[in-house]
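Me: I would like to learn how to read a model like this, feature by feature. Please give me the general idea each time, then the case at hand.

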Amino acid sequence: MHDFFLLRRQRHQKKMMKYMRYVLNDHFVLVCLFLVGGLAFYYSNLLKQLPSDFPWSLPIVGVIWWLVLPFGKLATLVEPADMTFLLPKEREMGSYLSRGLRHSIAFPFVVELLVCGALLPLVVLAKQASFVSFFFYLLMLWGLKLGNLRIQRLACYQKTREQTQRLSLVWFCVSGVTIFISLYGTAWIGTLLAIAAAFGFTSITQEGDRLLDWSKMIDQENARLHRIYQFINLFTDVPEVEAKVRRRKYLDGVLARIPFKQENTYLYLFARRALRGAEFGGLFFRLLIVGGVLLLSLNDFRFVVGVSMLFIYLIGFQMIPLYGQFDYISAVQLYPVSKKFKKTALQRLMVMLLFAAAIIFTLCSMVHLSIVGSFALLVVLLSEIGLFAWFYLPTRIKKMED
């Protein structure tokens, strides 16, 4: 079963690497670097402005660490067919799940490493702690996370629902107490408590002679993979994610404004897809909301402009795949419409969507910026929209057609 899990993991990683080529493209990496750099600069300036006796440093760090701990699910990599074909090997599945637990440790451990490192300056500001304490805090978080994964492993077996619910509640409370003891007390004490908790949960969650709950285990793995595929689907089409269409009757008035002409055929199709399709419509509104919330919290004109331009670009970039959404429809081939109308339609729709986003971002910026600053922001965003629609978009369309 050890080799069988390694084979499953190799196949899974190969599949993920295939999708990562589309996720980690040049544009996304550049945007992430810009965003991370901006946030780091903003965070460093914020730390310089905080007083040494800032009372909320440790509570903020403790709550964030506490909320990050449940992040990361047990990866079993089981498939629906395993319920039938692996049933004779059920007694040997313990070693398989142990390999799955060790495989599942890596990602949450990296996340906790980054979060712990990012928030350590607040701890140093409040306690004047040394850099060595970072390793104690990190080991504490890792120990607590290991206990959480052990509980998830126990949940793969039958007749453990009530027990795992109680243990999850106990683990959550123990984690909170341990984190705040380490922050308000001594770091190494929290580390010892976390290690003790990890050993305690490991001994309590021994499965014994229990049988696997195959249905539950398969459903949990499918749900975990579905969340991953939903994220990847923001960048490229994923066969495992089925597109959903929603009625959204309240937006029919928008479609009714499109004149009934042959040259507007693709404009109507693109607009209908953007408004009713969950992948495009949902993405547009999510980016719009996230960008608006960020702008409401910023008061520096440079950061407001940078974040606004970033989200305008993200919205436009994610809408580009609309261009090929109707190539498979036979009606388009039977009654062909000139490609110049198709290209123009996407440009018009992009300008309308991005203009609406620019107006909303400008209104959000008016909370902290002056009228002149907000107007300057609008001018910058309109210039970006023009460059995107009439220079960048045609280049992308040409690459898609080649």
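Me: Which hand does the crossing of α3 and α5 have?

Reply: Helix α3 passes α5 in a left-handed crossing. A crossing is left-handed if the near helix is turned anticlockwise from the far one by less than a right angle, and right-handed if clockwise. Helices here are DSSP runs of H or I, at least four residues long, and strands are runs of E, at least two long; both are numbered from the N terminus.

Me: What kind of model am I reading, and what is left out?

Reply: This is a predicted model, where local features need pLDDT of at least 70 and side-chain atom pairs count only at pLDDT 80 or more, while totals for chains, interfaces and linings use all residues. Residues are numbered from 1 along each chain as its sequence is written, and side-chain values use heavy atoms, with hydrogens and water left out.

Me: At what angle do α3 and α5 cross, and within what distance do their axes come?

Reply: Two packed helices are described by the angle between their axes and the distance between the axes. The axes of α3 and helix α5 (residues 93-127) come within 9 Å and cross at roughly 165°. That makes α3 roughly antiparallel to α5. Axes are lines fitted to C-alpha atoms, for helices over the stretch in contact, and angles run from 0 to 180 degrees between N-to-C directions. Angles under 35 degrees count as roughly parallel, over 145 as roughly antiparallel, 65 to 115 as roughly perpendicular and the rest as oblique.

Me: Which residues make the contact of α3 with α5?

Reply: Contact means heavy atoms within 4.5 Å. From α3, the contributors include L58, I60, V61, I64 and W65. From α5, they include V111, V115, L119, L122 and K127. The contact residues divide into 14 nonpolar, 1 polar and 2 charged. Nonpolar covers Ala, Val, Leu, Ile, Met, Phe, Trp, Tyr, Cys and Pro; charged covers Asp, Glu, Lys and Arg; the others, Gly among them, are polar.

Me: How do α15 and α16 pack?

Reply: Helix α15 (residues 339-365) and helix α16 (residues 371-401) pack at about 155°, with axes 9 Å apart. That makes α15 roughly antiparallel to α16. Here α15 passes α16 in a right-handed crossing. The residues of this contact split into 19 nonpolar, 4 polar and 3 charged.

Me: Now the whole chain. How many helices and strands are there?

Reply: The protein chain has 16 helices and 0 strands. Its C-alpha trace spans about 70 × 60 × 35 Å along the principal axes. Buried residues make up 44% of the 402 residues. Buried means under 20% relative accessible area, exposed over 50%, partly exposed in between (1.4 Å probe, protein chains only). Of the contacts with a separation of 6 or more, 83% come from residues 24 or more positions apart.

Me: How many salt bridges does the structure hold?

Reply: Side chains of opposite charge can pair when their charged atoms come close. The structure holds 7 salt bridges. Each is a side-chain nitrogen of Lys or Arg within 4 Å of a carboxyl oxygen of Asp or Glu.

Me: Where in the chain are R11 and E79?

Reply: R11 forms a salt bridge with E79, with the closest N and O atoms 2.3 Å apart. The pair links distant parts of the chain: R11 is in helix α1 (residues 2-23), E79 in the loop between α3 (57-68) and α4 (82-85), 68 residues apart. R11 counts as partly exposed because its relative accessibility is 49%. E79, at 30%, is also partly exposed. A network of salt bridges links R8, R11, E79 and D82.

Me: Are R153 and E207 buried or exposed?

Reply: Both R153 and E207 are buried. Their side chains meet in a salt bridge (2.8 Å, N to O).
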